[in-house]
Amino acid sequence: MSAMAGRGAVWCAWGMWLRERFGVGVPVVGAPMANVSGGELTAAISAAGGLGMLGAGSAVTADWIRTEGAIAAASGTPYGIGLMAWSVKDHPEHLKAVLELRPALVSLSFGDYTPYVAPLQDAGIVVATQAGTVADAREAVDAGVDVIVARGAEAGGHGRNAVATLPLLQAILDATDLPVLAGGGISGPRGLAAVMAAGAVGGWIGTAFLTCVEAQTKEPARQRIIEADETETVYGTVFDAASRAGWPDEFGGRALRNAFFDTWEGHEEELKTEDSAHDLWVEGSKAVDPARASIYAGQGVGALTGQPTAAEVLAGFATYRDYLSAALNDGSK
Ligand SMILES: Cc1cc2nc3c(=O)[nH]c(=O)nc-3n(C[C@H](O)[C@H](O)[C@H](O)COP(=O)(O)O)c2cc1C
């Protein structure tokens, strides 16, 4: 891994990477979000000039991937699929369905993804992974991925809580010549301008799309997300201990704080075998009760004020160039 010399030489090309690879007009990847980014949101983001991604959680069936993938593909524009690396070992049918669909981009995050990189690339698919530390990024380079997502602690959903987006992005950019996407806390065009100025090839953006009309987010959760400000998220493994989905403890999640989280924070080991609490969480999740359900969201949640279309969100991000121009307009030549 060399540093700035190699990067400086190709500096001018980074802003074009998403455009050249996928024909993307706005440098935004709609991050994969389980239970949120199905085929409709994925297609809407891709149709509006970004690159949408299906979020295939560990609990989906291969048929879900096929059905939603077909909906995503119907936009006629490239799209991606995000798999949970830790669950692919137990669900090889997820990988099989993805290989049949041949989306343009596949991300494998959270767990050992190394065995799956070559089969995907052999099928002509660009492979990404989310890194939460520089060590993660070095492993990704060694594994041969095509693009690294520097995913900071502000991000919604699962990942590491080790380093915030800005220091992580800078450190990973200095450590690799691979293209790098920035994820975590990019809630609007100001944030996108910041990471593009730093040298990212684009934003890997989830939370900003949570309340889009095309998202699968259920109604009571939508209202809670819109009400929440930037201080109302928490990071931890409480919801994973309650769900028993099989998440490795290494990867907690960032979600909206609620009474269930507050009750069990610090007692996660006990919660793993506490059946009544598990039942309470399952019922709460089915009913989408904001006091019990895990509503995953990042610190950018405070910026969400309504229920826009994905195209409207993309149009907002597209104005990032104005912020870059304004920053350069400082009177010097
Ligand atoms: C509701 C939700 C669900 C998520 N599900 C997944 C997922 O299925 N697979 C995945 O790789 N990442 C998942 N993530 C993480 C996102 O891919 C991404 O890292 C994050 O949304 C970026 O930060 P931001 O939310 O601040 O934009 C999820 C995030 C959220 C908010």
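**Reading charges and rings**

Student: E283 is partly exposed, with a relative accessible area of 48%. What does partly exposed mean?

Tutor: Buried is under 20% relative accessible area, exposed is over 50%, and partly exposed lies in between (1.4 Å probe, protein chains only). One caution: this is a predicted model, where local features need pLDDT of at least 70, side-chain atom pairs count only at pLDDT 80 or more, and totals for chains, interfaces and linings use all residues. Residues are numbered from 1 along each chain as its sequence is written, and side-chain values use heavy atoms, leaving out hydrogens and water.

Student: Which residue does E283 form a salt bridge with?

Tutor: General idea first. Side chains of opposite charge can pair when their charged atoms come close. Here a salt bridge needs a side-chain nitrogen of Lys or Arg within 4 Å of a carboxyl oxygen of Asp or Glu. E283 pairs with R292, with the closest N and O atoms 3.7 Å apart.

Student: How many salt bridges are there in the whole structure?

Tutor: The search finds 13. One of them joins K96 to E100, at 3.6 Å between the closest N and O atoms. Both sit in helix α6 (residues 92-101), four residues apart, so about one helical turn separates them. Helices (H or I, at least four residues) and strands (E, at least two) are DSSP runs, numbered from the N terminus. E100 is partly exposed, at 45%.

Student: Where are the partners R244 and D275?

Tutor: Their side chains meet at 3.0 Å, N to O. R244 is in the loop between α12 (238-243) and β11 (252-256), while D275 is in helix α15 (residues 275-286), 31 residues apart. R244 has a relative accessible area of 35%, and D275 has 48%. Elsewhere, shared partners join D63, R66, K96 and E100 into one salt-bridge network.

Student: What counts as an aromatic pair?

Tutor: Rings of Phe, Tyr and Trp (its six-membered ring) pair if their centres lie within 6.5 Å; planes under 30 degrees apart are stacked, over 60 edge-to-face, the rest tilted. The count here is eight. F110 and W247 make a tilted pair, 5.8 Å centre to centre, with 50 degrees between the planes. F110 lies in the loop between β4 (105-109) and α7 (114-122) and W247 in the loop between α12 and β11, so the pair ties together parts 137 residues apart in sequence.
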